Amino acid sequence: MRHPIQERALELIHGERERSYGPPEVSFAVIGRLWAALLGVEDIPPERVGLMMTALKLARENHRHGTDNLTDAVGYLVNVARVHEARQRENERSHR
C-alpha cells in the first residue's frame with residue numbers, strides 16, 4: 001500500500017510535470033547544463049540535478065513542514081531512478 005504522498009508524487013511526475021517539462025532525463029540534463037554554465041563548471045549530470053533538487057526540498061522541509069516539500073522530494077528521487085533507467089536503456093541500445 002502506498003502512502004498518499006507517494007501517490008501524489010507519482011501522479012505529478014507521470015502527469016502534469018512531465019507534460020509541462022518533459023521527461024526527467026531531458027529536463028534535468030538541460031537544467032544541469034544551465035547550472036554548469038552559471039557556475040562555470042563542467043555539465044552537471046541529470047541524476048545530480050535530481051539529487052540537488054531533492055536537497056532543496058529537504059532544506060525547506062527542515063525549516064518548516066509542508067506536504068508539498070515531501071511530495072516533491074519523493075518525486076525528484078523517483079525521477080533520479082528514471083534518469084538511471086533511461087541511461088541504461090540507451091546503453092543497451094548502443095551496444096546492440
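## Surface and charge

The accessible surface of the chain comes to about 6700 Å², and 55% of that area belongs to carbon and sulfur atoms; such areas are calculated by the Shrake-Rupley method with a 1.4 Å probe. The model is a predicted one, in which local features need pLDDT of at least 70, side-chain atom pairs count only at pLDDT 80 or more, and totals for chains, interfaces and linings use all residues. Residues are numbered from 1 along each chain as its sequence is written, and side-chain values use heavy atoms, with hydrogens and water left out.

The chain carries 14 positive and 14 negative charges, whose mean positions are 1 Å apart, where Lys and Arg count as positive and Asp and Glu as negative, while His and the chain ends are not counted. The place of a charge is taken as NZ of Lys, CZ of Arg, CG of Asp or CD of Glu.

## Overall build

Along the sequence the pattern is α-α-α-α-α, with five helices and zero strands (DSSP runs, H or I of at least four residues for helices and E of at least two for strands, numbered from the N terminus). Of the 96 residues in the chain, 34% are buried, a term for under 20% relative accessible area with a 1.4 Å probe, protein chains only.

## Helix α5

Helix α5, residues 67-94, has 28 residues and reaches 41 Å from its first C-alpha to its last, close to the expected 40 Å (1.5 Å times one less than its number of residues). Its buried residues, among them Tyr-76, Val-80 and Val-83, pack against α1, α2, α3 and α4.

How values were computed
Buried means under 20% relative accessible area, exposed over 50%, partly exposed in between (1.4 Å probe, protein chains only). Contact means heavy atoms within 4.5 Å.
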